[in-house]
Amino acid sequence: MSFIIKRQLSTLIPPKIASASNLGAAPGAKRLTSVVDFYKGLPRGKVPETKPSGLVGRYKAKYVDGDNSSGKPLVHLIIAVFLISYTIDYQFHLKHHKGESEHH
């Protein structure tokens, strides 16, 4: 029973991977020092804010993201669907009746 308790406690305590005494003595110390050097070279602090690029990115930043969010994209979608459906209807039906007085 004590073995089970000891095993459960050992999973809670992290191993000593990067302690100063283990860096020089372990056979994988060179690999560990290269990992530590890699992480030391990474930038610290907040990531600088990037400006959105492209048509969709600028539209999203203007109308969808952050404090600028509004219902305008829904209105834009309704207008776009209306224009596309009217264009399709005109091409397949209304264009043929242009100038006729009665519908056949």
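What share of the 104 residues in the protein chain is buried? Buried residues make up 2% of them, where buried means under 20% relative accessible area, exposed means over 50%, and partly exposed lies in between (1.4 Å probe, protein chains only).

Good morning. The structure before us is a predicted model, in which local features need pLDDT of at least 70, side-chain atom pairs count only at pLDDT 80 or more, and totals for chains, interfaces and linings use all residues. Residues are numbered from 1 along each chain as its sequence is written, and side-chain values use heavy atoms, with hydrogens and water left out.

I begin with confidence. The pLDDT is the predictor's confidence in each residue, from 0 to 100. Its mean for the protein chain is 76, and 64% of the residues reach 70 or more. Confidence is lowest in helix α2 (residues 20–25), with a mean of 52, and highest in α5, at 93.

Next, the fold. The protein chain has 5 helices and 0 strands; helices (H or I, at least four residues) and strands (E, at least two) are DSSP runs, numbered from the N terminus.

I turn to the surface. Accessible areas come from the Shrake-Rupley method with a 1.4 Å probe, and for residues only the protein chains shown count as cover.

A nonpolar surface patch is formed by V75, I79, F82, L83, Y86 and L94, with about 570 Å² of accessible area together.

Finally, the aromatic rings. Rings of Phe, Tyr and Trp (its six-membered ring) pair if their centres lie within 6.5 Å; planes under 30 degrees apart count as stacked, over 60 as edge-to-face, and the rest as tilted. This rule gives 3 aromatic pairs. In one of them, the ring centres of F38 and Y39 are 5.2 Å apart and the planes stand at 75°, so the pair is edge-to-face. Both F38 and Y39 are exposed.

Terms used:
Patch = residues over 30% accessible without salt bridge, like charges linked within 9 Å, V, L, I, M, F, W, Y side chains within 5 Å. Salt bridge = Lys/Arg side-chain N within 4 Å of Asp/Glu carboxyl O.
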